[in-house]
Amino acid sequence: MHRQALTEDTFYLNLGPQHPSTHGVLRLLLRLDGERIVECQPILGYSHRGHEHMAQNRTYLQFMPNPCRMDYLSGLMYNHAYCLALERACGLEVPARAEHLRVICAELNRISSHLLWFGAYLMDLGAFTPFLYAFDDREDILAILGLATGSRLTYSYCRFGGVRDDVGQDFLEGIRAFIPKMRARLKDYDTLVTRNVIFVNRTQGVGVISPELARAHALTGPCLRASGVGYDIRKAEPYGLYPELDFDIPVRAGGDCLDRYLVRVLEIEQSLRIIEQAMARLPGGPVKATGVPQFITPPPGLYHTSYETARGHLGIFLAADGTRVPYRLKFRVPSFGNLGILPKLLPGTLVADTIAILGSMDVVMPEIDR
Amino acid sequence: MAWLSNIPATVWEGLRAFLGPLALTMIVGLLLTLGWVQVNALFLVWLERKVAGHIQLRIGPKEVGPFGLLQTLVDGVKLLGKELITPAPVSWPLFVLSPILVFAPVLVSFVVIPFGPGTQIRDLNVGLMLIFAFGGLGVLAILMGGWASNNKYALLGAIRSVAQNVAYEIPLLLSAMSVVIMAGSLSFQAIVQAQEGLWYVFCQPVAALLYLVGATAETNRAPFDIPEAESELVAGFHTEYSGMRFALFFLAEYTNMFIVASVATALFFGGWRGPFWPGPWWFLLKVYLLIFVVIWVRWTFPRLRFDQLMNFAWKYMIPIAVLNLMVTAVVLKIVR
């Protein structure tokens, strides 16, 4: 383990906020002994925009575009989660077709988020080519989602009690063409990356998180499941269509960077399965509930909703006071817990490992800073 | 009009008489080398971007000139026009000297590269030694640049570079030595002559492989591009360099690639030997094929970690190279 370094032998290095591998504006204050890390302190808040405060100053519908700008990589899932929270508070019923479309879009969004992570992570490790392959696949998803939602990154597709619009044939055809193409690509990634000796050497046994440590730091999502804890909101507290679908939660026991990588790649396969099932049973009918008031007003009370985004457990806590404006809307974001473990994990590793570990946690800074 | 066509010959004879044959060869050689270095770097950067593009489902540069061939030229002009930024806390004599020092040894190496039978600036009897000696100077300049930049990322990059170059020069030299034992000479002409029947890559496959891996590391190319690992160290030792100073580092890197590929061609791939075409064409073809392989590797593999890289050199490459050298020596002793 790491040697206790003499103070005069160590120096401070600011990794970020302007650094190619911190993915956004994270600053890691590292104390280094040569290339070995003695101490790490993450410094946050560079992209604080006050979303939660904004929520207290506008109606529920006016706040609709905000959640998807917190985690811009799983925007649709945030959007879905926000609508879910309000629907539960108001007791709104969502038509079956809308539920199916929501799940299809959310899982597409999960795949695109994992693909972007895949590319960026490989770039952190010095391989540039997989990045462009992943972006090629992601481009297909963005085009398909663009057909349904009209936007490519920050989607406000869901509405209270349904979705904005029904989808056309081009959307369904696009997905039918995309699924086999993505499956073929996963085989390519397996040979190009997963079985590459250099990649395995860089990630295996690096940044090992034990299940106890993972629980203690409130890790969620793929990072937790790579440590052998099979916890996923989609199974633990199912919402929407998920109880009716047949899919697995990939779990790996090692807790290192390689396992976090593998869990995400396996999740892409499971998401494809979910989309296939939802497509097969997609019913007709309306996509919006009738009788939703113009100004949605949840009865006074405290409400909590959990949601599984691409990064883990998103919790939305709503304190409603019976007006058109939330009294308090608090988001529990997955990246915060996943990042918080770094000071425990990094001491004793090398600078190159820092990048590998930080990348494997898949943090999105605007989600943490809000 | 006969007198007109005689002018070049007359000028040549005059210069020859005035300067003496040796000095004239040197001057012409220097001019040709300088020109070649530029053209080679322009071509290689274009090749790298084009190959990378096609590997990555893109098409690479295509706007400037046919197939984007002039793209690098335009980039070079842009770099020439850039301001040379010298940050306040640098130690400026070293900072300014470093890009020049990294580039100068690369030029010297051209003296002994055997493009064809007799097509060589000077056939020194210690040609191989000269290339390795001057190749070793480059790392000094990198250390100077990284140290003088007064930047922690640059310093880390420079330290990595020194450790890496020291480690990888040993297997490089040892693998070249196995060939030298077989050819019985350090002169490139003699080494290529000795590959009359059989290329050394077939009698020395281990040495050839060691040389290629070592050369990739020596030129700081991926997967051994640790000193300038952009995802870790921003830009490594040349973080603080801009404009033409940065371009000189770049130029040196691409020229170095050409030189190590030339040495590999001469040592293992029969130099200028080949049917139908004159020697220099074969030589250049082999060199660029080798460089193509190096580019291919770069755009396929992730980067090694620093300690893994050092382990690889000290624990595997050096013992294998020593063993290979010993086996070569013993077998030759028995056979001859």
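Two strands are taken to pair if DSSP finds at least two bridges between them. Strands (E, at least two residues) and helices (H or I, at least four residues) are DSSP runs, numbered from the N terminus.

The structure is a predicted model, in which local features need pLDDT of at least 70, side-chain atom pairs count only at pLDDT 80 or more, and totals for chains, interfaces and linings use all residues. Residues are numbered from 1 along each chain as its sequence is written, while chains are lettered from A and ligands numbered from 1 in the order in which they are written.

**Strands of chain A**

In chain A, an open sheet of three antiparallel strands has the order β1-β2-β3. Its edge strands, β1 (11-15) and β3 (36-43) of chain A, each pair on one side only. On average, neighbouring strands of this sheet are turned by 25° against each other, direction ignored, with axes being lines fitted to C-alpha atoms and angles running from 0 to 180 degrees between N-to-C directions.

Further along chain A, a hairpin of two residues joins β6(A) to β7(A).

| Strand pair | Bridges | Facing residues |
|---|---|---|
| β2(A) (27-33) and β3(A) | seven | Asp33(A) and Arg36(A) |
| β6(A) (301-309) and β7(A) (312-320) | nine | Gly301(A) and Ala320(A) |
| β7(A) and β8(A) | five | Leu318(A) and Leu329(A) |

**Contact between the chains**

Chain A contributes 26 residues to the contact and chain B 23 residues; residues are in contact if their C-beta atoms, placed from the backbone, lie within 7 Å. On the side of chain A that touches chain B, β1, α3 (96-124), α4 (129-149), α6 (197-203) and α13 (351-361) of chain A each supply at least two residues.

**Helix α13 of chain B**

Helix α13(B) covers residues 306-335; at 1.5 Å a residue, its 30 residues should span 44 Å, which agrees with the 42 Å between its end C-alpha atoms. The expected span is 1.5 Å times one less than the number of residues. A kink of about 30° lies at Met317(B), shortly before the proline Pro319(B); the bend is the angle between axes fitted to the seven residues ending at a residue and the seven starting there. Among the buried residues of α13(B) are Phe306(B), Leu309(B), Met317(B) and Asn324(B). The buried residues of this helix pack against α13 of chain A together with α6 (152-183) and α9 (205-218) of chain B.

Methods: Contact = placed C-beta atoms within 7 Å. Buried ≥ 20, exposed ≤ 12 C-beta atoms within 10 Å, placed from the backbone.
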